[in-house]
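Student: I am new to this structure. Please take one part and look at it closely with me.

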Amino acid sequence: MVKSGATALVVSVVVMAHVVAALGCIDLGPSVVQCSLYATGVVREPSLACCNELRRLNGRAQTTIDRRRICFCYKQIVPQYPNFRDAAVAALPRLCGVSMPFLVSRNIDCSK
């Protein structure tokens, strides 16, 4: 009985670790907030905080599934910011020195 209880505990911990590690739209929020002044044209360069958030997010999005989740979230969030300039957002990886596996755009096909 103790052995099956211990096994159940280990399985629960592994499952919870996977759930916590999964990326979601909430993970994109800090990046949007930190980069919004640059993305809307209020300031001419992204802040250090913006670039740090972009690096953090890119570092966490290691799998195709993670990148698709972030992509779909981005596409849901962007319409809430009509002043986001597509060219500014697309330039963020280059300006922040972050190598992204895809072009950031409101027109991106997240299924690919």
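**Helix H2 and its partners**

Tutor: Helix H2 passes helix H3 in a left-handed crossing. This is a predicted model, so every value here is computed from it. H2 covers residues 25-39. H3 covers residues 48-60. Their axes lie 8 Å apart, and the packing angle is about 155°. An angle over 145 degrees counts as roughly antiparallel. H2 and H3 are therefore roughly antiparallel to each other.

Now look at who touches whom. H2 brings Asp 27, Leu 28, Pro 30, Ser 31, Gln 34 and Cys 35 to this contact. H3 answers with Ala 49, Cys 50, Glu 53, Leu 54, Arg 56, Leu 57 and Arg 60. Sorted by class, the contact of H2 with H3 has seven nonpolar, two polar and four charged residues.

Pick out Leu 57. Leu 57 sits in helix H3. Its relative accessible area is 7%, so Leu 57 is buried. Setting aside residues up to four places away in sequence, Leu 57 touches Asp 27, Leu 28, Ser 31 and Ile 70. Take Ser 31 from that list. Leu 57 and Ser 31 are 26 residues apart along the chain, yet their C-alpha atoms are separated by 7.6 Å.

Stay on H3 for its charged residues. Side chains of opposite charge can pair when their charged atoms come close. Glu 53 and Arg 56 join their side chains in a salt bridge, at 2.8 Å from N to O. Both also belong to the contact with H2. An α-helix has 3.6 residues a turn, so residues three or four places apart point the same way. The accessibility of the two partners is not alike in class. Glu 53 is buried, with a relative accessible area of 18%. Arg 56 is partly exposed, at 30%.

Go back to H2 and turn to its other partner. Helix H5 is made of residues 86-96. The axes of H2 and H5 come within 10 Å and cross at roughly 110°. Angles of 65 to 115 degrees count as roughly perpendicular. H2 and H5 are therefore roughly perpendicular to each other. Their crossing is right-handed. On the H2 side, the contact is made by Cys 35, Tyr 38 and Ala 39. On the H5 side, it is made by Ala 88, Val 89, Ala 91, Leu 92 and Leu 95. By class, the contact of H2 with H5 has eight nonpolar, no polar and no charged residues. Note Cys 35: this residue of H2 takes part in the contact with H5 and also in the contact with H3.

The buried residues of H5 are Ala 88, Val 89, Ala 91, Leu 92, Pro 93 and Cys 96. Their cover includes H2, H3 and helix H4. Just after H5 comes Gly 97, with a positive phi of about 70°.

That brings in H4, residues 64-77. Arg 69 and Asp 66 both lie in this helix, three residues apart, about one turn. They form a salt bridge, with the closest N and O atoms 3.8 Å apart. Asp 66 is buried, with a relative accessible area of 10%. Arg 69 counts as partly exposed, at 35% relative accessibility.

Lys 75 is another residue of H4. At 32% relative accessibility, Lys 75 counts as partly exposed. Leaving aside neighbours within four places in sequence, Lys 75 is in contact with Arg 106, Asn 107, Ile 108 and Cys 110. Asn 107 lies 32 residues from Lys 75 along the chain, and their C-alpha atoms are separated by 8.1 Å.

One more pair is worth a look. Asp 109 forms a salt bridge with Lys 112, with the closest N and O atoms 3.9 Å apart. Asp 109 counts as partly exposed, at 40% relative accessibility. Lys 112 is exposed, with a relative accessible area of 77%. The structure holds four salt bridges, this pair among them.

To recap, H2 runs roughly antiparallel to H3 and roughly perpendicular to H5. The H3 crossing is left-handed, whereas the H5 crossing is right-handed.

Notes. Residues are numbered from 1 along each chain as its sequence is written. This is a predicted model: local features need pLDDT of at least 70, side-chain atom pairs count only at pLDDT 80 or more; totals for chains, interfaces and linings use all residues. Side-chain values use heavy atoms; hydrogens and water are left out. Axes are lines fitted to C-alpha atoms, for helices over the stretch in contact, and angles run from 0 to 180 degrees between N-to-C directions. Helices (H or I, at least four residues) and strands (E, at least two) are DSSP runs, numbered from the N terminus. Angles under 35 degrees count as roughly parallel, over 145 as roughly antiparallel, 65 to 115 as roughly perpendicular and the rest as oblique. A crossing is left-handed if the near helix is turned anticlockwise from the far one by less than a right angle, and right-handed if clockwise. Contact means heavy atoms within 4.5 Å. Ala, Val, Leu, Ile, Met, Phe, Trp, Tyr, Cys and Pro count as nonpolar, Asp, Glu, Lys and Arg as charged, and the others, Gly among them, as polar. Buried means under 20% relative accessible area, exposed over 50%, partly exposed in between (1.4 Å probe, protein chains only).
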